[in-house]
Amino acid sequence: VENGTAGPSSPGLSMNDFTHLLNSSKYVLVDFNARWCAPCKRMAPMLATFAEKRKEILSLVKIDADDNKALLKEKNIEGLPVLELYKGGILVWKHEGEIDEAGLLEATKPQGL
């Protein structure tokens, strides 16, 4: 590899790949984020703690928007951050924009999280 040259860029996850990630007996919390997104950075530690406390029933999947542009386009995600909660592959909750721990706890309470 020569300096200054990049290898072929990966198209990221396909919708099929994404759907496969959701096939779990656990809840799957998907965090669409980006390295440059300030609200995403602020939320990251809280989401990690939230998922760790519920690791028996919840998996956290982080998807970088810059690495998965086609997937975000297919899902019509235009702003960040976006959180989606799935159970059995079915979307049960979605939030666009920043959310704090209290808001996340309140929103996911109906799912028993």
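Predicted model: local features only at pLDDT ≥ 70, side-chain atom pairs only at ≥ 80, totals over all residues.
Let's start with the aromatic side chains. The count comes to 2 aromatic pairs. In one of them, Phe-18 and Phe-32 sit 5.9 Å apart, centre to centre, with 40 degrees between their planes, and this pair is tilted. Phe-18 belongs to helix H1 (residues 15–21) and Phe-32 to strand S1 (residues 27–33), so the pair ties together parts that are 14 residues apart in sequence. Phe-18 also pairs with Tyr-86: their ring centres are 5.9 Å apart and their planes stand at 80 degrees, so this pair is edge-to-face. Tyr-86 lies in strand S3 (residues 82–87), so its pairing with Phe-18 in helix H1 links parts that are 68 residues apart in sequence.

Put together, Phe-18, Phe-32 and Tyr-86 form one aromatic cluster. For Phe-18 the relative accessibility is 2%, and because buried means under 20%, Phe-18 counts as buried.

**Charges over rings**

Rings can have charged neighbours as well. Arg-54 lies over the face of Phe-50, 3.9 Å from the ring centre. Lys-87 lies over the face of Tyr-27, at 4.9 Å from the ring centre.

**A lysine beside the cluster**

Now look at Lys-75, in the loop between helix H3 (69–74) and S3. Which residues does Lys-75 contact, leaving aside its neighbours within four places in sequence? They are Met-15, Phe-18, Phe-32, Glu-84 and Tyr-86. Lys-75 is buried, with a relative accessible area of 16%.

**Salt bridges**

The structure holds 10 salt bridges. The table shows some of them, including two made by Glu-84.

| Salt bridge | Closest N to O distance |
|---|---|
| Glu-52 and Lys-55 | 2.9 Å |
| Glu-84 and Lys-94 | 3.7 Å |

Lys-94 lies in strand S4 (residues 90–96) and Glu-84 in strand S3, so their bridge ties together parts that are 10 residues apart in sequence. At 1% relative accessibility, Glu-84 counts as buried, whereas Lys-94 is partly exposed at 34%. Through shared partners, salt bridges join Lys-75, Glu-84, Lys-94 and Glu-96 into one network. As for the bridge between Glu-52 and Lys-55, Lys-55 is partly exposed, with 43% relative accessibility.

Conventions: Residues numbered from 1 in each chain as written. Heavy atoms only, no water. Phe/Tyr/Trp six-rings, centres within 6.5 Å; stacked < 30°, edge-to-face > 60°. Helix = DSSP H or I, 4+ residues; strand = E, 2+ residues; numbered from the N terminus. Buried < 20%, exposed > 50% of the residue type's maximum accessible area, 1.4 Å probe, protein only. Lys NZ or Arg CZ within 6 Å of the ring centre and 35° of its normal. Contact = heavy atoms within 4.5 Å. Salt bridge = Lys/Arg side-chain N within 4 Å of Asp/Glu carboxyl O.
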